Structure formats: structure tokens, C-alpha cells
Amino acid sequence: MSLQGFINDAVSPWLKEEGPDSDIVLSSRIRLARNFRDIPFPIVADKESLQKVTKVFKDYFEHNSYGDFKDLELVAMSGLDHIQKRVLVEKHLISPNLAENKDSGAAMISQNEQISIMINEEDHIRIQLYYPGFQLEKALDHALKFDDLLEENIHYAFDEHRGYLTSCPTNVGTGLRASVMVHLPALVMTQHLNRIIPAINQLGLVVRGIYGEGSEALGNIFQISNQITLGKSEQDIVEDLISVVSQIVEQERNARSRIQHESGLWLEDKIFRSYGVLLHSRIIQSKEAAKCLSDVRLGIDLGIINNVSKSILNELIVLTQPGFLQNYAKNTLSPEERDIRRATLIRERLNMDID
């Protein structure tokens, strides 16, 4: 896929597929932090040193394919404008930190966008591998195999006692961040999530917003990931996360069932009001759009709404973000202009599905 394809298509090809427990778990991600042994870490390296990192990827890996991950393409941050970078952040292909590195930052992205390697972010290499639904073990297996392929041409910074060495001490050891993106509207409605989060934190896990650290949980979508990377194996870390997320999935399903049984008419009214807002609004802000999209998605999962496909909701969650709105407009938009365009886009897209 070309750079324009990465930017223009709201939903990554892999996200269009159904995965296990996809009514609640939207995606599973494995991220591995790695550094070159003989090049200073990005936080202290000069531009020339970091360009060597980029050159290795361009020389050895660009346009190669690995199993299902076809035609890796190198995208330099220096060649992107502000809106293009924001779009890639909204698709989770790069981080906000990488977007700010305009001198030596880059990303290598597979055609189906399932693999994204961030180059010269906080570490030289951050391998990200995504799967739809709840598939952490599968994602880990493929991420480690891909990591082995990279290591055939790269000498990693590794210590026999400490493991993989990274810029931030919290990543030393396995260098692994395993995470899932979950939709938890019922636990939010019943206020049970407020009691669950402290318990999750005590288990060495963290709950964040949709774009990770420091971000807000828009549309009742949360990211749950491990905090501990040292002293445990990759498999142990993933198994611990799977155990906790499995319990959260069960609690969310129970909460949905309870609300539908005890407050069915109230729930239907809430869902159809949100559906009406999306169908008829002329101006809508991002937070309100995310809330209404969350309600409609819940309505689809519970069989209350039958004429809208779940895939459109996945698409609109991304399409209604500021970067995508401005990319389609081919212009920088004011907040009010974005709100108008967001409402128009949602109306048009939902009416296409109804027709």
C-alpha cells in the first residue's frame, strides 16, 4: 500500500476482519522495544547516528515481505505534513512522540498495516503487531518471529542479566508491551469500571485512553496493557494480561445482560436517541460523536439495531478524528468547521448503510 493509501483509508485492512470476542475486544497489540548495540540511544544520539538506523531498514527491509506481512514501506516523518502525521497517529500506526521527530523519525508499515515499525522514537526500534479481537498469544508468536528476522541483520543492545536495553528503564528486560483495546460501555454505565481499575493497577497492569499514555478514553474505549517488563518472560506477561482481560470481558457481558434485563426500555431509548443524533445532527463535536457511536455499537452488539453494520462504526470512530477530517477536506479546518464536516460525514455514511 502506498503512503496515500495509509493516509486515505480510515480502517486498516486487518481491522475489517472479525476476531475472537470482537464485540468487546477491538484489537490486540504486541509492541517490542529494541536498540542497536553500537549506536547511541535516540535520547542522546546525533542526527547522523540516527540516520544510520533508518538506512539499515531502507537497505535490508524495505519492500520485503514476511509471511502475511507484505511489502514493507518506509515512511519518513520529514516527508509528511502535520495533517498526514496526525492521520497516522489516529490509525495507531505511529505514536504522537514519533510524529514530533521530524529530523530522523520514520515508520516501516506493511501493506495490510498489521505491522508498523517505529524508527527512532524513544528507542531505535519499536515493533508493533496488531490482530483483530482477542488474539494476544497469536500476536506475540508472530511478533517474536518477526523480531528474529530483524535480528539476522541487526545487533541488539542486550545484557545477559537485564535483557534488552532500552531508553526508559520501565521497558528493560523483555522490552514487551502487550495491550488490548476494549469497548466497555456497560461497565461505565454501571460505574463498576471505577472499582475495577484500581484492582487492575495492583496486578501490574494499566488502563489508558484510546491513544495510550495521557490520552482520554473516548467512546468508552480503553487500552489495557502490562507495566512490568523485567523479571517475567514474554509468555508470562501475555498470560497474565489474558487472564485479567478475560475476566473484564465476562464482567462487561454480565453488565450488558443485566442492564438489558432490568432497564431494557431505558437502554433502547438511550441507544436510539444516540442513533438519531448521528443521523440528523448538522454540528457535532468529537466527544459527543464518540459517545453516540459507542451507544450505537452497543445497540448492534445486543441486537437492538439491525440495519447498521459494526464495520461502519469502526470506520467512523477513525474517520471523525480531526486528522482524517482535515485530510479529506485537503485543508486545515477550524474546530467549528470540523464539527460541521464530522456531522455531514456521519450522516452520509450511515445513510449509505441504510440504503
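Helix axes are lines fitted to C-alpha atoms over the stretch in contact, and the angles between them run from 0 to 180 degrees between N-to-C directions. Helices (H or I, at least four residues) and strands (E, at least two) are DSSP runs, numbered from the N terminus. The model is predicted: local features need pLDDT of at least 70, side-chain atom pairs count only at pLDDT 80 or more, and totals for chains, interfaces and linings use all residues. Residues are numbered from 1 along each chain as its sequence is written, and side-chain values use heavy atoms, with hydrogens and water left out.

**Helix packing**

- Helix α9 (residues 264-280) packs against helix α10 (residues 286-301) at an angle of about 130°, and their axes are 8 Å apart.
- This angle makes α9 oblique to α10; angles under 35 degrees count as roughly parallel, over 145 as roughly antiparallel, 65 to 115 as roughly perpendicular and the rest as oblique.
- The crossing of α9 past α10 is left-handed, a term used if the near helix is turned anticlockwise from the far one by less than a right angle, whereas clockwise is right-handed.
- On the α9 side, the residues that meet α10 include Leu 267, Ile 271, Tyr 275 and Leu 278; on the α10 side, Ala 289, Cys 292, Leu 293 and Val 296 are among them. Contact means heavy atoms within 4.5 Å.
- Helix α10 also meets helix α11 (residues 310-319), where the axes come within 10 Å and cross at roughly 165°.
- The two helices α10 and α11 are therefore roughly antiparallel to each other, and their crossing is left-handed.
- Leu 293, Val 296, Arg 297, Ile 300 and Asp 301 of α10 make this contact with Lys 310, Leu 313, Asn 314, Leu 316 and Ile 317 of α11.
- Helix α3 (residues 82-90) and helix α12 (residues 322-329) have axes that come within 8 Å and cross at roughly 135°.
- That angle makes α3 oblique to α12, and the crossing of α3 and α12 is left-handed.
- Ile 83, Arg 86, Val 87 and Glu 90 in α3 meet Pro 322, Gly 323, Phe 324, Gln 326 and Asn 327 in α12.

**Aromatic pairs and charges over rings**

- Seven aromatic pairs are present in the structure. Rings of Phe, Tyr and Trp (its six-membered ring) pair if their centres lie within 6.5 Å; planes under 30 degrees apart count as stacked, over 60 as edge-to-face and the rest as tilted.
- One of the pairs joins Trp 14 and Tyr 130, which are stacked at 5.3 Å centre to centre, with 15° between the planes.
- Trp 14 lies in the loop between α1 (3-8) and β1 (25-34) and Tyr 130 in strand β5 (residues 125-132), so the pair ties together parts that are 116 residues apart in sequence.
- Both Trp 14 and Tyr 130 are buried (buried means under 20% relative accessible area, exposed over 50%, partly exposed in between, with a 1.4 Å probe and protein chains only).
- The ring centres of Phe 158 and Tyr 164 are 4.9 Å apart and the planes stand at 70°, so this pair is edge-to-face.
- Phe 158 is partly exposed, with a relative accessible area of 44%, whereas Tyr 164 is buried at 13%.
- The charged end of Arg 34 sits over the ring of Tyr 164, 3.6 Å from its centre, and also over the ring of Tyr 156, 5.8 Å from its centre. The criterion is NZ of Lys or CZ of Arg within 6 Å of the ring centre and within 35 degrees of the ring normal.
- Phe 57, Tyr 60 and Phe 61 form one aromatic cluster.

**Buried strand residues**

- Ala 178 belongs to strand β8 (residues 176-183) and counts as buried at 0% relative accessibility.
- Beyond its neighbours within four places in sequence, Ala 178 is in contact with residues including Arg 29, Ile 30, Leu 136 and Ile 224.
- Phe 222, in strand β10 (residues 221-226), is buried at 11% relative accessibility.
- Phe 222 and Val 25 are 197 residues apart in sequence, and their C-alpha atoms are 9.7 Å apart in space.

**Backbone angles**

- Most residues other than glycine have a negative phi.
- His 63, in the loop between α2 (47-60) and β2 (73-76), has a positive phi near 65°.
- Gln 191, in the loop between α6 (185-189) and α7 (193-202), also has a positive phi near 65°, and Gln 191 is exposed, with a relative accessible area of 53%.
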